Every structure is written in C-alpha cells, then in structure tokens.
Amino acid sequence: MTPVPMWAWAVTLAVIAVLIVADLILTRGPESSLRAAAIESALWLGAALAFGAVLWLWRGPTTGSQYLAGYLLERALSVDNVFVFVLLFVSMRIPPELQKRILFLGVVGALVLRGVFIAAGGVLIESVSWIFYVFGVMVLLAGARMFRAGEGGSGDNFAVRGLRRVLPVTEHYDGSRLFTRVSGRSMATPLLVALVAIAVTDVVFALDSIPAVFGVTRDLFVVFTSNAFAVLGLRALYFLLAGSADRFVYLKPGIALLLVFIGVKMLLYDVVHMPVWVSLVVIAVVAGGAIGASLWRDRRLRLRRMREVPRPPAEPCQAAESRAAAEPRGPVRT
C-alpha cells in the first residue's frame, strides 16, 4: 500500500478545520429549524461525496470505493449515535439553546479522540498481526449486543458520576459557560457534565465503529477521512432526526446486521477475499433498506390511525338536512 504523503494529510486537516469554522459561523443562531438542518445535512453530504470524488481521481477507484463504503458505514452508525444523544439530552434536561454548543464541542472532541484511536489501531495492526482478528471479534460482539432490545445511552454513566465526585457541580446552567463562580467558589456547570457524557458516549461508539471501518480498509488515511466526514455532519443530523427517533424502528437491527457482517468478514479475512464493492453494496442495501422499511412502517401506522379515528356525530340540523336530501322528491307541479 502506497503511503500517503505528509502534504496530503496537512491539506486534508486544513480543509476539515476550514469546514468546522465555516459551520460554526454559518450556524451561529440559537436555534436550528428543520429546513436549516436539512440544508446543512445536504451540504455535509455533498462535501463528503466531493472529497470521495477527489480521492477516487487521485488514488484510483479501489481507494475511492473503500472511502465510500467506510463513510456509508460510519454514517449509518452515526444515526444510532444521534438517537442516543437524544436520550442524553432529555435525561439531563439540556435547554435547546445550549444543545448546539455541546454538539459542536462534542464533534471537535470526537475528531481528536477518533484520530488517536485510528492511529493506535493502525500501529497495533502493523505490529501485532493477530490484533485484526481481535477487532473482528469486537465488531461481531457489538453487532450481537445491538440485537438485544432496550439498549441505549444514559446521561448517568460512570464518567458523569466520577466527574460529580471530583468537581462541585451547580444545579443550574450559567448560559454557555462550562465553569462559573458561586459565592466566590469555582464550580462546574451542568453543561460540562453534558459535554463529558457526549464525549464518553462517542468513545463507546468509536470502540465499535473504528474496528468496523478497519474491516473495510486498512488504509489509515481512508479510515480517518471517512470517520471525519461522518462525524462532521453529526450535529446537523441530530437536529434533522431528533424529533423522529421513534420512526426508525428497523435501523438498530439493520446496523447490528452490518456489524455482524463486517465482523465475520474480518474473521474470515485469510480465507475469503471479498471485493470492496461487495461490502459497499451490502452496506448500502442493508442501511437503506432498514431506513426505507422504517419509513414505510411509520406511514402505514399513520394511515391506519387516520382510518380508526371515529367521525364526529352530525349536528341535528345537519342530520335533518341529510335525510331531506336523501328522500325522493315528487314531481314538480306547474
């Protein structure tokens, strides 16, 4: 595998930094409407596909296909991540006007942490060959674990409890501040607690998703960029899907099936050499099918509810008029 030159890493990181700053400037308002979130999600998707096109032209269709497969896999996993964020924000009673700031800081932190995890994973795979199969087992177990119903994130995780024991935390928010002073004493605000909860949640997801991407490609540049562009669109995706988490009932089983597929593929790496396009097709069909089936089921349920709603009884005068209209009229005499 041809190593990626340092100038390519520098240019890629500079582009990501520019995109983050542009996103912060363009979405500075306190609230995000559904239309604005849809437009922002479309722009992030366009940026990710544009980068994939550049990668395709620069390093060839094989690398481009690996990037697209990794991006689609991370994008599907990030949807489940969004629904866990919804549970966190509800359980921690985070005001809507502060959710943007938490998600922005969470995205930046996720990029840094995932970069560290990817670098460490690449070093482990290069130095300890059998670690790749350990990653395969981790992905397979993550898929099997996700098949169980009722799994979800909680704002009261061990990191949050540990933070509350180490730092004094106020009961109320102080605008967008992470720390405030109460009676001359420095204290953390619940905003910091929420940020820690988001960071820990993303780390947990990264422990499943990053090994899964290594099942698609071992190219560190492709693994990092597919992760980065999926994470960059996470905030817009949250505001787009936050109100419809209960509609995607088949998404979690679909993601679980994808993880099981990737895990088995990693464990059989030396036995079955599967082309990249097979992984790409499976990821697209399973993720798209789960989303489409969920939307179809939701539409059927809404139509059924509309049919089952009883019609209000007609008013007496309206009933009389209806009977009169229904009675046969005699011949009109002239």
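The chain has twelve helices and two strands. Here helices (H or I, at least four residues) and strands (E, at least two) are DSSP runs, numbered from the N terminus. From the N terminus on, the order of the elements is α-α-α-α-α-α-β-β-α-α-α-α-α-α. The model is predicted, so local features are reported only at pLDDT of at least 70 and side-chain atom pairs only at pLDDT 80 or more, while totals for chains, interfaces and linings use all residues. Residues are numbered from 1 along each chain as its sequence is written, and side-chain values use heavy atoms, with hydrogens and water left out.

**The chain as a whole**

Of the 334 residues of the chain, 43% count as buried. Buried means under 20% relative accessible area, exposed means over 50%, and partly exposed lies in between (1.4 Å probe, protein chains only). The chain exposes about 18600 Å², and carbon and sulfur atoms supply 66% of this area. Accessible areas come from the Shrake-Rupley method with a 1.4 Å probe; for residues, only the protein chains shown count as cover. Among contacts (heavy atoms within 4.5 Å) between residues at least 6 apart in sequence, 80% join residues at least 24 apart.

**The nonpolar core**

A nonpolar core is a set of buried Ala, Val, Leu, Ile, Met, Phe, Trp, Tyr and Cys residues joined through side-chain atoms within 4.5 Å. The largest one has 82 residues, and those with the most contacts inside it are Tyr67, Leu73, Ile102, Leu232, Tyr238, Leu259 and Ile262. Helix 3 provides the largest share of this core, 13 residues. With residues up to four places away in sequence not counted, Leu259 touches Leu77, Val139, Leu140, Ala142, Gly143, Met146 and Ala212.

Ile94 lies in the loop between helix 3 and helix 4 (96-127). Its relative accessibility is 5%, so Ile94 counts as buried. Ile94 and Ala194 are 100 residues apart in sequence, yet their C-alpha atoms are 7.9 Å apart in space. Beyond its neighbours within four places in sequence, Ile94 is in contact with residues including Ile102, Tyr173 and Ala194.

**Helix 11**

Helix 11 covers residues 276-308, and its 33 residues should span 48 Å at 1.5 Å a residue; the end C-alpha atoms are 48 Å apart, which agrees. The expected span is 1.5 Å times one less than the number of residues. Among the buried residues of helix 11 are Val276, Leu280, Ile283 and Asp298. The cover over the buried residues of this helix includes helix 3 (61-91) and helix 10 (251-267).

**Salt bridges**

Side chains of opposite charge can pair when their charged atoms come close. A salt bridge is a side-chain nitrogen of Lys or Arg within 4 Å of a carboxyl oxygen of Asp or Glu. A search of the whole structure finds three salt bridges, listed below.

| Pair | N to O distance |
|---|---|
| Asp219 and Arg59 | 2.8 Å |
| Arg114 and Glu74 | 3.1 Å |
| Arg302 and Asp298 | 3.1 Å |

In the pair of Asp219 and Arg59, Asp219 lies in the loop between helix 7 (190-214) and helix 8 (220-232) and Arg59 lies in helix 2 (residues 34-59), so the pair ties together parts that are 160 residues apart in sequence. Asp219 is buried, with a relative accessible area of 4%, whereas Arg59 is partly exposed at 21%.

Arg114 and Glu74 form another of the salt bridges. This pair links distant parts of the chain, with Arg114 in helix 4 and Glu74 in helix 3, 40 residues apart. Arg114 is buried at 6% relative accessibility, and Glu74 is buried at 3%.

Arg302 and Asp298 are four residues apart in helix 11, so about one helical turn separates them. Arg302 is partly exposed, at 41% relative accessibility, while Asp298 is buried, with a relative accessible area of 13%.

Val137, Leu141, Val264, Leu267, Leu268, Val271 and Val272 make a nonpolar surface patch of about 560 Å². Patches are made of residues with over 30% relative accessible area and no salt bridge: like charges are joined within 9 Å, and nonpolar side chains (Val, Leu, Ile, Met, Phe, Trp, Tyr) within 5 Å. Helix 5 (131-146) and helix 10 each supply at least two residues of the patch. Val137 is in helix 5 and is partly exposed, with a relative accessible area of 38%.
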